[in-house]
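Colleague: I am new to this one and would like a guided tour. Could you put it up on the screen, and then I will ask my questions one by one?

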Amino acid sequence: MSPLWPGRQPTFGSRLAVWALRLMGWEAVLAPPPGLKCVGAVAPHTHNADFWPGIFWTWATRAPARFVAKRELFFFPVGVFMRAAGGLALDRRRAGGNFVDAVVGIIEREDEIMLAIAPEGTRSRGDYWKTGFYYMALEAQVPIAVTVLDWGRRRVGIVGYVTPTGNLEADFAQIRVHLQGVRGHTPANETPAFPRPASAGGPSRT
């Protein structure tokens, strides 16, 4: 049986999702969460095919996984699927254009949430991770759940947690420890888990 989010019980749907993962050769993993809220740093995200193990993991573990997208994407009928998959519509104009603060507000108002973010920001290879996810966790005072899409070992889910301290370099070093040996669908597209260096303008809250 797949591990379950705290307080959850298995359902027909969760068992079906576990069966689907196993049929595809995948294992759902869930390191015991220290609380009921976290920001999930999901990596490596290198291919559209990452969606399927990710959504089956959510159903299998019954984790309160949510993601944020701009309100304009939630049109009918696509919006029905977006919400069913855990999507939250964000009106950037109401948020004053400050994405991080708006997401922090969402985390604070929920009783439990795993806010999933792909910090690479692209499925192609980049030079560094975006750091918006880090500041969301820091300002909401919740841990970062290091969430892997490990095509090498066919594992999907949370492998560990990092409590953000404000020391970006040290905290990213801990994230990299959790990601050791993890391989994406397309390894050549993996972006190394380093924050934006000073030579590129330094860390950013976006």
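Modeller: Let us begin with a side chain that meets a backbone: the side chain of aspartate 150 reaches the backbone nitrogen of arginine 183 at 3.2 Å. Please keep in mind that this is a predicted model, in which local features need pLDDT of at least 70 and side-chain atom pairs count only at pLDDT 80 or more, while totals for chains, interfaces and linings use all residues. Residues are numbered from 1 along each chain as its sequence is written, and side-chain values use heavy atoms, with hydrogens and water left out.

Colleague: Thanks! In which strand does aspartate 150 lie?

Modeller: Helices (H or I, at least four residues) and strands (E, at least two) are DSSP runs, numbered from the N terminus. The run that holds aspartate 150 covers residues 144-150, and this is strand β6.

Colleague: Is aspartate 150 buried or exposed?

Modeller: Buried means under 20% relative accessible area, exposed over 50%, and partly exposed in between (1.4 Å probe, protein chains only). Aspartate 150 has a relative accessible area of 0%, so the word for it is buried.

Colleague: Which residues does aspartate 150 touch, not counting those up to four places away in sequence?

Modeller: Contact means heavy atoms within 4.5 Å. With residues up to four places away in sequence set aside, aspartate 150 touches Trp26, Arg155, Gly181, Val182 and Arg183.

Colleague: How far apart are the closest N and O atoms in the salt bridge of arginine 155 with aspartate 150?

Modeller: A salt bridge is a side-chain nitrogen of Lys or Arg within 4 Å of a carboxyl oxygen of Asp or Glu. Arginine 155 counts as buried because its relative accessibility is 19%. A network of salt bridges links Asp150, Arg153 and Arg155. For arginine 155 and aspartate 150, the closest N and O atoms are apart by 3.3 Å.

Colleague: How many salt bridges does the structure hold?

Modeller: Here is another of them: glutamate 190 and arginine 183 meet through their side chains at 2.6 Å, N to O. Glutamate 190 is buried, with a relative accessible area of 10%, whereas arginine 183 counts as partly exposed at 38%. For the whole structure, the number of salt bridges is five.

Colleague: Is arginine 109 buried or exposed?

Modeller: Arginine 109 forms a salt bridge with glutamate 110, and their closest N and O atoms are 3.6 Å apart. The relative accessible area of arginine 109 is 57%, so arginine 109 is exposed.

Colleague: Let us turn to the start of the chain. Which side chain does tryptophan 5 join in a polar contact of 3.4 Å?

Modeller: Tryptophan 5 is placed in the segment before α1 (12-23), and its 1% relative accessibility makes it buried. Its contacts beyond four places in sequence include Leu30, Pro33 and Ile158. A polar contact is a pair of N or O atoms within 3.5 Å; within protein, one must be able to donate a hydrogen and the other to accept it, and residues adjacent in sequence count only if both atoms are side-chain atoms. The partner at 3.4 Å is the side chain of glutamate 112.

Colleague: How far apart in space are tryptophan 5 and proline 64?

Modeller: In sequence, 59 residues separate tryptophan 5 and proline 64. In space, C-alpha to C-alpha, the distance is 8.0 Å.

Colleague: How many aromatic pairs does the structure hold?

Modeller: Rings of Phe, Tyr and Trp (its six-membered ring) pair if their centres lie within 6.5 Å; planes under 30 degrees apart count as stacked, over 60 as edge-to-face and the rest as tilted. Ring pairs link Trp129, Phe133, Tyr134, Tyr135 and Phe172 into a cluster. In the structure, the number of aromatic pairs is nine.

Colleague: Why do phenylalanine 56 and tryptophan 59 count as edge-to-face?

Modeller: Their ring centres are 5.6 Å apart. Both residues lie in helix α2 (residues 51-61), three residues apart, about one turn of the helix. Phenylalanine 56 is buried at 17% relative accessibility, and tryptophan 59 is partly exposed at 40%. The pair is edge-to-face because the planes are at 80°.

Colleague: One last thing: which residue takes a positive phi just after α2?

Modeller: Within α2, the buried residues include Pro53, Ile55 and Trp57. Just after that helix, a positive phi of about 60° belongs to arginine 62.
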